[in-house]
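I opened my notebook for a slow walk through one model. Here is what I looked up, entry by entry.

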Amino acid sequence: MASSEIDALTQALARLPGLGPRSARRAVLHLLKKREASLTPLLHALALVDERLETCSTCGNVDTANPCSICADPRRDGRALCVVEEVADLWALERSRLFPGRFHVLGGRLSALEGIRPEDLTIDALVGRIGQGGIDEVVLAMNATLEGQTTAHYLAERIERFPVRVTQLAHGLPVGGELDYLDEGTLAQALRARRPVA
């Protein structure tokens with residue numbers, strides 16, 4: 001059996017998303033076996049991030065600079081603002097390299113069951129950013145859940161007084177998806193959002 005220190009490391013890794021106890025044990029064994037090539041660089045990288053990690057005061061992204069690299073990039077289109085629930089959503093959209101504008105992270109979504117109210121999110125900061133002007137379009141990139149769509153509807157109501165175009169990500173059939181394998185909610189949304197064949 002492992003020492004209490006190694007066991008504590010295994011338990012800490014097992015708490016990470018996507019890792020259970022068995023995966024954590026395998027990861028720890030790999031780190032210990034490849035100490036110079038894996039463990040030492042990992043410890044160094046974790047220490048650097050821990051030392052320099054900041055939350056962007058403009059958009060809510062996490063980075064090692066404030067403002068973050070996206071907000072500081074002069075090539076970004078400041079007239080388009082994409083609103084997301086969490087930093088993970090921002091990173092997913094940024095990986096696609098398809099959105100040229102800037103972002104705003106809400107820090108969650110409205111949920112009566114979880115007690116998350118508008119004042120618990122960065123909605124007032126979002127309204128303030130839009131109120132400063134210079135934004136032509138606000139893209140509501142909420143998740144296709146009941147809470148996500150409730151949040152999108154609430155945001156649309158809050159910003160309807162501003163002269164901005166409010167859009168939402170399309171929902172429906174995934175590329176390469178087969179109808180037989182899709183759930184009823186996805187099919188219903190795809191039917192509602194149908195468009196003419198070009």
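**Entry 1: Glu 85 and its surroundings**

A reminder to myself before I start: this is a predicted model. I began with a polar contact, in which the side chain of Glu 85 puts a polar atom 3.0 Å from the backbone nitrogen of Asn 143. Where does Glu 85 sit? I found Glu 85 in the loop between strand E3 (77-84) and helix H4 (87-96).

Is Glu 85 buried or exposed? Glu 85 counts as buried, because its relative accessibility is 1%, and the cut-off for buried is under 20%. I then listed what Glu 85 touches, leaving out residues up to four places away in sequence. The list holds Val 105, Leu 106, Gly 107, Gly 108 and Arg 109, and also Met 142, Asn 143 and Gly 148.

Arg 109 counts as partly exposed, because its relative accessibility is 27%, whereas Glu 85 is buried at 1%.

**Entry 2: Ser 111, in the loop between E4 and H5**

I stayed in the loop between E4 and H5, where Ser 111 lies. Ser 111 has 5% relative accessibility, so I noted it as buried. Which backbone nitrogen does the side chain of Ser 111 reach? It is that of Glu 114, at 3.2 Å. Setting aside neighbours within four places in sequence, I noted contacts from Ser 111 to Ile 116 and Glu 147.

**Entry 3: the buried side of H5**

Next I looked up which residues of helix H5 (residues 123-131) are buried. I wrote down Ile 123, Leu 126, Val 127, Arg 129 and Ile 130. Why do I put them on the same side of H5? They cover an arc of only 160° around the axis, and that places them on the same side.

What do these buried residues pack against? My list reads E3, strand E4 (101-105), strand E5 (137-141) and helix H6 (146-159). Just after H5, I came upon Gly 133 with a positive phi of about 85°.

**Entry 4: the other salt bridges**

How many salt bridges does the count come to? The count is 8. I followed up some of them.

Arg 79 and Asp 77 meet through their side chains, at 3.0 Å from N to O. I marked Arg 79 as partly exposed, because its relative accessible area is 48%. Asp 77 is partly exposed too, with a relative accessible area of 23%.

Glu 137 forms a salt bridge with Arg 165, and their closest N and O atoms are 3.2 Å apart. Glu 137 is in strand E5 and Arg 165 in strand E6 (residues 165-168), so this pair ties together parts that are 28 residues apart in sequence. Glu 137 counts as buried at 19% relative accessibility, while Arg 165 is exposed with a relative accessible area of 53%. I also found a network: Arg 117, Glu 119 and Asp 120 are joined by salt bridges that share partners.

I went looking for backbone exceptions next. Most residues other than glycine have a negative phi, and most peptide bonds are trans.

Which residues does a cis peptide bond join? They are Asn 66 and Pro 67, with omega at about 5°. Pro 67 lies in the loop between strand E2 (62-63) and E3.

Arg 97 is not a glycine, yet I read a positive phi of about 55° for it. Arg 97 belongs to the loop between H4 and E4. I noted Arg 97 as exposed, because its relative accessible area is 73%.

**Entry 5: a nonpolar patch**

My last stop was the surface. Which residues make the nonpolar surface patch of about 270 Å²? Leu 42, Leu 43 and Leu 46 make it. I placed Leu 42 in helix H3 (residues 35-52). Leu 42 counts as partly exposed, because its relative accessibility is 35%.

Notes:
Residues are numbered from 1 along each chain as its sequence is written. This is a predicted model: local features need pLDDT of at least 70, side-chain atom pairs count only at pLDDT 80 or more; totals for chains, interfaces and linings use all residues. Side-chain values use heavy atoms; hydrogens and water are left out. Patches are made of residues with over 30% relative accessible area and no salt bridge: like charges are joined within 9 Å, nonpolar side chains (Val, Leu, Ile, Met, Phe, Trp, Tyr) within 5 Å. Accessible areas come from the Shrake-Rupley method with a 1.4 Å probe; for residues, only the protein chains shown count as cover. A salt bridge is a side-chain nitrogen of Lys or Arg within 4 Å of a carboxyl oxygen of Asp or Glu. Helices (H or I, at least four residues) and strands (E, at least two) are DSSP runs, numbered from the N terminus. Buried means under 20% relative accessible area, exposed over 50%, partly exposed in between (1.4 Å probe, protein chains only). A polar contact is a pair of N or O atoms within 3.5 Å; within protein, one must be able to donate a hydrogen and the other to accept it, and residues adjacent in sequence count only if both atoms are side-chain atoms. Contact means heavy atoms within 4.5 Å. The arc is that of the directions from the helix axis to the C-beta atoms.
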